[in-house]
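Today I am looking up salt bridges. I want to know which side chains pair up and where they sit.

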Amino acid sequence: MQKLTEIPRLSKQFWAVLISLFGSLGFLLFQGGKLALMLFVIILILSIYLLLGQWSGIKRTQGVRQLQNMEHSGLLEAGTTLAVSIRLQIPGFWPMPYVFVKDRLFHKNGRELVFETTIVPDWRRRGDLEFRTPPLRRGAYSFGATECVTEDIFGLFEHSGMLELPHSFVVVPQTIPIRDWHQFHQMMKGTNHHSSTTRATRETTQINGVREYMYGDRLSRIHWNATAKTGTWKSKEFERESLPKSYLVLDRQSSAFKDAEQFELAVSIAASLSQYGISRNLALGLISTGSDDVYFEPRNGQNQFKAVQQHFIHVEADGVHPLRQVLREKAQNMVPGSFVVLITPHYGEQLLPIFSWLKQLQLNPCHLWISTDLEADKDMWLRQLHSLGITGYAVGSLQELPAALGGRSG
């Protein structure tokens, strides 16, 4: 719990009260009488009340902020609202008719959300306020200082201060469960490698982390150091061999997206595919180049998944390099037969040279097209991809993704 620091101020009202007090005193001394005495006593009592407002107790106010619908992990999915409650306890006895509270929530990109409300403290000088945020965008958030303001019963003097209740949280991209990806598995089985299902679940000898012990794990899999530190059984998690490798390529070129919502859809699609990969023990890599250059080698395991998800929380459409230049710099790390998924709103002639070049490198490209209202071009472009032996999907909203990957392509 944090304490409030008061911001003192001397205003015209202060001097007006002081002049009225001395004026009534002079009237009593020079005029005398019951009227002058009664007037002086009334102004004296009111002046004491008004001047004692400087010690109203608001500077010692304590508060607690609670986030009501936040998960234990401190994560919130994009598009959902957050319920916030603040409990204030104001010590002292000075009459306080109301408290005006202004709370601030900051997004990492500088956007500020302001929430204002008024509470009436009870007889124990306690007050509760609740508010709900609008649907939140993906990213990191932190609460700023909370401003509390109160006045005397006449509204002459205002007393204010800043209450520090630091709290931060992150909003992850909105995702949707994917039941199956038919073309992906058909493509895997059609390569010169063995069945993708068998190879995707076959473990290597490379340790990738530690997981909870599962009934039936061999004694050789027990991670004794982690078990001793945590007091619970832990098993070694080995990397899984997945051939051919698969890459998600997120287009971050700022000129490619017409608005922020279209880029959010691209991020949500990439995050949903990443979740699908971890649920099927598929090793999916990631290429994301903008103001930062992010490259994740295809690798299975929770450590890889958490790192990719952390990147999706903060990623922005801040790239200046075209998609072909980004791929040229990363293609040297791709082995022949790799599956490359391009998540981009670009289509048509500007993508055909990229697909031809990827084919020449013996890679298997796939286009996840962030389409809008171009219904006439949609079927024509998907048929063109199909004629070239390239898998393509047109996705206009996140809800369309599972059905599209379930078998409907060009």
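I start with the rule: a salt bridge is a side-chain nitrogen of Lys or Arg within 4 Å of a carboxyl oxygen of Asp or Glu. I note that the model is predicted. By this rule I get 15 salt bridges.

**Entry 1: Lys245 and Glu297**

I find a salt bridge between Lys245 and Glu297, with the closest N and O atoms 2.8 Å apart. The pair links distant parts of the chain, 52 residues apart. Lys245 lies in the loop between strands E13 and E14, and Glu297 in the loop between strand E16 and helix H7. Lys245 counts as partly exposed, because its relative accessibility is 22%. Glu297 is partly exposed too, at 23%.

**Entry 2: Glu264 and Arg138**

Next I look up Glu264, which forms a salt bridge with Arg138. Their closest N and O atoms are 2.7 Å apart. Glu264 is in helix H6, while Arg138 is in the loop between strands E7 and E8, 126 residues apart. Are these two buried or exposed? The cut-off for buried is under 20% relative accessible area. Glu264 has 15%, so I note Glu264 as buried. Arg138 has 0%, so Arg138 is buried as well.

I also see a network of salt bridges that links Lys108, Arg137, Arg138, Glu264 and Glu316.

**Entry 3: Asp180 and Arg280**

My last pair is Asp180 and Arg280, whose salt bridge spans 3.8 Å from N to O. Asp180 sits in the loop between strand E11 and helix H3, and Arg280 in the loop between H6 and strand E15. They are 100 residues apart. I note Asp180 as partly exposed at 22%. Arg280 is partly exposed at 35%.

Conventions
Residues numbered from 1 in each chain as written. Predicted model: local features only at pLDDT ≥ 70, side-chain atom pairs only at ≥ 80, totals over all residues. Heavy atoms only, no water. Helix = DSSP H or I, 4+ residues; strand = E, 2+ residues; numbered from the N terminus. Buried < 20%, exposed > 50% of the residue type's maximum accessible area, 1.4 Å probe, protein only.
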